[in-house]
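Please look over the sequence and the structure shown here. The paragraphs that follow go through some local features of the fold.

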Amino acid sequence: MGRGSANTTTAAEKIILLGSTGSIGTQTLEVIQQFPDRFQVEALTAGDNLDLLAQQIQTFHPKWVVIRSPHRIEELKSRVPDFKGTITAGSTGLDELCASNAGNTIVVGLVGMIGLSPTLKALKTGKKVLTANKETFVAGGHLVQPYLDQIVPIDSEHSAIFQCLKNESKKAVRTIYLTASGGPFRNHTPEQMNHVTRADALNHPNWVMGEKITVDCATMMNKGLEVIEAHWLFNIPLDKVQILVHPQSMVHSGVEFVDGSILTQMGAPDMRVPIQFALGYPERLDAEYEGSRLNLFTMPALTFETPNEEKFPCIRLAYEAGRLGSSATAVLNAADEMAVSLFLDEKIGFNQIPMLLERTLEQHQEEGVVLSPTLEEIMTYDAWARRFVRDHQLSHA
Ligand code: MG
């Protein structure tokens, strides 16, 4: 990780932050504010929350801003009349920014498939990539794998595994234990699962996150996607990655080695900790936030359980897709993005999410799985899966 690792006596590390108004984005800026000499925000990108974006522009003075819609560029300009930098829009705007020399480190806080293309651009131009975008690996793991030494994960589980594997040989890994809180329905009966509402699914017991990922935690698809992410990110066979339910969310994941030793990483369930780890890596930065420390003397007992794959079929579907190949994981991911958005719009019930995913995956298998699709092919599979879910939602009602 030679590139971009600034030390405190030289110029600040120039940061491009994708998804600045989201959960990862706002917490990344909170960390950056603790180290004004070390990090400089060169570019911010956001979707539709122009109120917050305008505040961030005034606080962090980036030189380049990208928003979702070209039709809102004038509106943003009128909110930040003193801003003299560049404003562009859309996925072309994101790609251009990430391929440019505007920064040497990129933080990917985007949710969904839209993270893949800009991440590839940043990797190909030699940038250090700190990423919380699991879809990059789920849809295009084989495309990013040649650049693994430029990547530091932000996802809390993958940050934990990354820390446990540091200075270890991959050959010595017996099992990766990917921990899962189990979500809000861990103790629900099958009958209760039939009556889950949007509000129930958005009520996560331990973590505060965006809506899409919170619903994914409730179906446990989030964990399924993270298994695939870990497989690519650490170049470890899929079947060596096991989900371990740990309701207290304090052990963030672990690795068992061939000699029987198990290393784990622990901490409070607070994303600012893995974000700060990634920003500082290979150095550990010294900062503390309200609630970001774990008190071992007062913590509750830690428990571990086997996940219930019957109640949470998304886990099985993720492993199945992962064994099939990258077009299948891209399809599964896109189908999930669409199904979750239909659920959030209250168009389908909670149990329909895994049913729709299974149906989509079966159809894709019939039409033919491709092991290593190109980026263009991934985009085509992605669009197909979204359409398929939209067209088949009613037949499950
Ligand atoms: Mg996670």
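**A pocket and its surroundings**

The second largest pocket has a volume of about 440 Å³. A pocket here is an open set of points on a 1 Å grid over the protein atoms alone, with protein on both sides within 12 Å along at least five of seven lines, and lining residues have an atom within 4 Å of a point. Grid points are joined across faces, edges and corners, and a volume is the space filled by probe spheres set on the points. This is a predicted model, in which local features need pLDDT of at least 70 and side-chain atom pairs count only at pLDDT 80 or more, while totals for chains, interfaces and linings use all residues. Residues are numbered from 1 along each chain as its sequence is written, and side-chain values use heavy atoms, with hydrogens and water left out.

The lining of this second largest pocket consists of 24 residues, and those nearest its centre are Gln 265, Val 273, Gln 276, Arg 284 and Ser 292. Helix 7 (156-165), strand 11 and helix 12 (272-280) each supply at least two lining residues; helix 12 gives the most, with four. Helices (H or I, at least four residues) and strands (E, at least two) are DSSP runs, numbered from the N terminus. By type, the lining divides into eleven nonpolar, eight polar and five charged residues. In this count Ala, Val, Leu, Ile, Met, Phe, Trp, Tyr, Cys and Pro are nonpolar, Asp, Glu, Lys and Arg are charged, and the others, Gly among them, are polar.

Strand 11 (residues 262-266) also contains Met 266. At 37% relative accessibility, Met 266 is partly exposed (buried means under 20% relative accessible area, exposed over 50%, partly exposed in between, with a 1.4 Å probe and protein chains only).

Some backbone features come next. Most residues other than glycine have a negative phi, and most peptide bonds are trans. The peptide bond from Tyr 281 to Pro 282 is cis, with omega near 10°, and Pro 282 lies in the loop between helix 12 and helix 13 (313-324). His 61 has a positive phi, near 50°. It sits in the loop between helix 2 (50-60) and strand 3 (64-67) and is exposed, at 59% relative accessibility. Asn 235 has a phi near 55°, also positive, and belongs to the loop between helix 11 and strand 9. That loop, between helix 11 (221-233) and strand 9 (241-245), also holds Phe 234, which is buried at 3% relative accessibility.

Side chains of opposite charge can pair when their charged atoms come close. The whole structure has 26 salt bridges, each a side-chain nitrogen of Lys or Arg within 4 Å of a carboxyl oxygen of Asp or Glu. One of them joins Glu 226 and Lys 134, with the closest N and O atoms 2.9 Å apart. This pair links distant parts of the chain, since Glu 226 is in helix 11 and Lys 134 in helix 6 (residues 134-144), 92 residues apart. Both Glu 226 and Lys 134 are buried.

Within helix 10, Asp 216 and Lys 212 lie four residues apart, about one turn of the helix. Their salt bridge brings the closest N and O atoms to 2.5 Å. Asp 216 is buried, with a relative accessible area of 2%, and Lys 212 is buried at 14%.

Key:
On a 1 Å grid over the protein atoms alone, a cavity is a set of points where a 1.4 Å probe fits but cannot get out, and a pocket is an open set with protein on both sides within 12 Å along at least five of seven lines; lining residues have an atom within 4 Å of a point.
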